Amino acid sequence: MTGFSSQDGETQWGIAPEVGYNFNEKWTVGLGVGYTSYGEDMNAFGVNPYVRYFLARENRFGFYLQGDIKYVSQSWTTDPITEDINTDKSSNYMSFGIMPGVSYMISSKFGINSSFGFLGYSNVKDGDGIFGLDLSAQTLNFGLTYNF
């Protein structure tokens, strides 16, 4: 997954490739790694192991539930809230939960997949953990699949 946006003159971009292994028609395991840059002063690196279970496959379409664990470490030199310069701070974020998704195989080798929503637990270092359902636009993901 990749992304790009610009807001208030700050450019944000990210990339998060994933590699997975299909055990059979129902089960896939994989690992994603990602990097995001929030302008000149903030960046984040994360890892994301997952397991995907296909509930149904019909012709080229598939519907799945994906369980995953995310760990993200971010650092910044300008505080994003107070805008104090040279703060050199960092934080860690972790979540685990499930998300529904859909896939469409364009050919026997290439596919498109998408997921939306997240049900699970999230926690930021030194913060309160939250369990719940997230249906915000931030949970919308798109990806391309290549089967070897």
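Trainee: In this predicted model, which residue lies over the face of Tyr64?

Mentor: Tyr64 is a buried residue, and a charge counts as sitting over a ring if CZ of Arg is within 6 Å of the ring centre and within 35 degrees of the ring normal. At 4.3 Å from the ring centre of Tyr64, the residue lying over its face is Arg52.

Trainee: How many Å from the centre of the Phe54 ring is the charged end of Arg57?

Mentor: Phe54 is buried, as is Tyr64. The charged end of Arg57 sits over the ring of Phe54, and its distance from the ring centre is 3.7 Å.

Trainee: Are the rings of Phe54 and Tyr64 stacked or edge-to-face?

Mentor: A pair of aromatic rings is described by the distance of the centres and the angle of the planes. For Phe54 and Tyr64 the centres are 5.4 Å apart and the planes stand at 65°. Because planes over 60 degrees apart count as edge-to-face, the pair formed by Phe54 and Tyr64 is edge-to-face.

Trainee: How many residues apart in sequence are the parts that this pair ties together?

Mentor: Phe54 belongs to strand E5, which covers residues 42-58, while Tyr64 belongs to strand E6, covering residues 61-78. The pair therefore ties together parts whose separation in sequence is 10 residues.

Terms used: Residues numbered from 1 in each chain as written. Predicted model: local features only at pLDDT ≥ 70, side-chain atom pairs only at ≥ 80, totals over all residues. Heavy atoms only, no water. Phe/Tyr/Trp six-rings, centres within 6.5 Å; stacked < 30°, edge-to-face > 60°. Helix = DSSP H or I, 4+ residues; strand = E, 2+ residues; numbered from the N terminus. Buried < 20%, exposed > 50% of the residue type's maximum accessible area, 1.4 Å probe, protein only.
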